[in-house]
Amino acid sequence: MEILRQIEEKWREAWEREKIFAADPDSNREKRFITFPYSYVNGPFHVGHAFTATRVDAYARFKRMQGYNVLFPWAWHWTGQTIAGASERVKLGDEEFIRPLREIDGVSEDDLKRFIDPAYMASYYTNENRETVRRAGFSIDWRREFRTASPTFNKFIEWQYQRLREKGYVAKGTHPVVWCPHCESPTGDHDRQEGVGVSPEEYTLIKFRIDDAYLPAATFRPETIYGVTNMWIHPDATYVKADVDGEQWIVSEKAAGKLKEQNRKVEITSRFKGREIIGKRFINPINDNELPILPGWFVSPDHATGVVYSVPAHAPYDWVALRDLQEKPESLKEFNVDTDEVRSIRPISMIEVEGFGDFPAVEIVEQLRVKDQSDPKAEEATKLLYKKEFHGGILKEICGKYAGSRVYEVKDRLIEDFKKKSIADSMYDLPQPVTCRCLTPCIVKILEGQWFLRYSDEVWKEKTRTALRKALVYPESAMQWFLNIIDWLRDWACARKTGLGTPLPWSPDWMVETLSDSTVYMAFYTINKHIKEHNIKPEQLTPLVFDHIFYGKGNLEGVAEESGISSQELKDMRREFLYWYPVDLRNSAKELVPNHLTFFLFHHTALFPEHLPRAIGVNGWLMLEGEKMSKSKGNFATLRGALGEYGADATRCALLLCAEGMDDPDWRRENVRDVGNKLESFYNLAKSTFESEGATERDHLEEWLISTLQHRIRKVTESMETLKTRTAIENAFYEIWNDIRWYRRRKEKINTETQKQILEVWTRLFAPFAPHICEEIWSKMGKEGFISLAEWPEHDEDKVNIRAEETEELVKNVLEDTSNILRATKMVPKRIYYYSASPWKWKAYLKALEQSLSKKIDLSSLMKDLMKDPELKKAAREVAKFARQIVDEANRMPDDKRRRELQVGAMNETQALKQAQHFFEREFDAEIYAHSEDDRQHEDHKKRAESARPYRPAIYIE
């Protein structure tokens, strides 16, 4: 492996020295602008990042070899709460967080002390990760590199938000947001330690009267008020009685705090444990029924109001909790509860749903065998039943004027009616816990005077849908996911108070949040090379400058004079932008579909409607040894560590072999080591090939090898075009290697010239995946220039020899069939006889294939056709017997195989098997004989010989 590491460093240095990945506009070549979302620099680049980045780099290298002018740039994400939160945890001495920095990241004590400065921490990991990315062999144009906290990039973001605001896409408003009480800021997805993708949900509060107050119970299913049997209160949780906007409410203490953040006037008048009101009675406002309050240990006081009404006919948790109390009445002894009344509670049916009786919750609990309230299957039952009832449920007569309505149709009208009658209210909460990077639990806050991106705007949504439909999406299955996200996306808080970032130009006390400054920065790549080369100052990058570069607005000389940037420099930047834009491929992991990748589309429709993205790729989320990667749990692998242990090419290939599409890849160390060993074998095979001299005679085996290679070329090319990187590398590496192994196994005297020709093509096909080793082989072969810039192989139809391919397929099948017989019988063969099918069988077989090309055939129609042939008609009985055997086979055969066999026609199998005689003798250490079934050498072989079929010779073993 050491020789491979030396090779890798040698070629990285050569690429950098010759600057072969520096891409400039070239009017004579079509361009490809390929991007990977910059990663946060709060830690080392890990193998999850590397999986996505390697896919992108392999694609970039592939396109470069196809002759495109490829730009693959890189940048570093400094902004947001991510780095600030990490730095704060170091400052607070959080040992749980600091320990992995020492043990996994290898951070020294001196550097740890300086990590209390977020900028130092970001700079440390930027420098480390840049070197790691370089060592991975990514084909990056480093001249365009930037960090999102740089003053020049800040000016670009200022321009972006000024234009978005002018176009009406940024507006001040009042909206519910995920809020960090410690940071006093909205907390976007990438500013969260946990809870990515969680948004505020609006709950309906049904107000049940209790004495002089209300018990507001939160629900997503207000229609179920008609089936209430009791109330659940957690006996050990702290509740309060509070004046809420002039009404007396009883809610959990946590809920009171949440309501204060949602524009409610809340004044707590008393605190008490839930057990103090258990046993009391409340009134259902729909029918004035008095019902009991019962203890519910499953109730979370942290969720919504901490008050839950019970509908055991339609809510699995409610039924299980009620069943537990009825079966164990002793648990009620400590409370002022009438146990006889509890035993008498029966579910109330109020929704008719297909596939269930009157009490669906009871039935599904029994079906899934839910044991108790803590059984995870209770949650599964709840989700299944909610979906069934919401989409297919019909309200029964007990629901009064809403009877006969479908649940999903009546829900909004029912809520509106209940609110008019003061039966219902509402509040927001988070359906799952969300934690800020500063480790503070988040809440929902109704934010007034905050700046929002108006993703709810239907006109903007439709523009984005149109842009998406015009783009290619890999895999295609991700398209609907994007459309769903566009549909439900709401206004997004685009600014926060803490962390690193660009101040809003019109409200500098707010900073653009981390996902909102990462949407169109690809445009900045196109010009940052010039900004750095000409030392353009941030203050020179005025909005007029960006307008001129991106929109062609303003008089060139006037913009130059005002900004102090020369006319030529402005021309060059505009030319650069117009050449590279739009983005040809944006690829990322699937967790960015609900945010970054969709925002990327929205913002391009707003700011660059003439330059919309052409393709978006989505891939899975990398697992480590079958489990989710977790730094705190020690289940974590850095790219730097992988490169050090396995080398760049082994790491790249192992990553690409993990998965494709949106399947989650699984990084397993054993697999990586195996790939490394195979790469070493590949290198040794290549060396022995270009150093060897030998036979030059060619026969059908060379024709087969060259022909098969054409199919590999096509498969790899087609797979890369659609980002099926695993399929591509499997064919470019393993399948071609298998072809060569078979050739060397079959051939007694290797044709070295053919092998060298194959190696030359094979190395080019493999270069996007293992570029370092392929550069070395290319050089050893005496080729000029870099293989990274060599011409991509093209499928040559003139080199395809289907007859040679079918002949070898026959030999492989006979080898496999013989081996299976020997394995099953445990025979040690002395003589093996192969009998190929009689010519009349070939005639019938090919006729069946011809008939089945256009339609499914049956025995009757086939026999009718076959009996038109005088020769076949003479042997009608044997033909009928054979036809019965081949009808199903012909119907099941894939079209491409059917056409291939028809193109080849009747094969001289006897001749092919005789040509392979020495091969079979070596394989089986036995005498080999090949005959037609009509040319039997032994009468006792007759029965076996008659079983011969086209492509399936009969086998007789002695």
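This is a predicted model: local features need pLDDT of at least 70, side-chain atom pairs count only at pLDDT 80 or more; totals for chains, interfaces and linings use all residues.
How much space lies in the largest cavity? About 80 Å³.

View 1. Residues are numbered from 1 along each chain as its sequence is written, and side-chain values use heavy atoms, with hydrogens and water left out. A cavity is a set of points, on a 1 Å grid over the protein atoms alone, where a 1.4 Å probe fits but cannot get out. Two cavities of 30 Å³ or more are counted. A volume is the space filled by probe spheres set on the points, which are joined across faces, edges and corners.

**View 2. The lining of the largest cavity.** Lining residues have an atom within 4 Å of a point. Here there are 11 of them, and Leu-4, Glu-8, Asp-649, Ala-650 and Leu-679 are the closest to the centre. Two or more residues come from each of α1 (2–18) and α22 (648–656); α1 gives the most, four. Helices are DSSP runs (H or I, at least four residues), numbered from the N terminus.

**View 3. The second largest cavity.** This cavity holds about 50 Å³ of space. Its lining includes Leu-685, Thr-689, Ile-740 and Trp-762. At least two lining residues come from each of α23 (669–691) and α26 (752–766), and α26 has the largest share, four residues.

**View 4. Residue classes in the two linings.** Ala, Val, Leu, Ile, Met, Phe, Trp, Tyr, Cys and Pro count as nonpolar, Asp, Glu, Lys and Arg as charged, and the others as polar. The largest cavity is lined by seven nonpolar, one polar and three charged residues. For the second largest cavity, the lining has six nonpolar, two polar and no charged residues.

Methods:
On a 1 Å grid over the protein atoms alone, a cavity is a set of points where a 1.4 Å probe fits but cannot get out, and a pocket is an open set with protein on both sides within 12 Å along at least five of seven lines; lining residues have an atom within 4 Å of a point.
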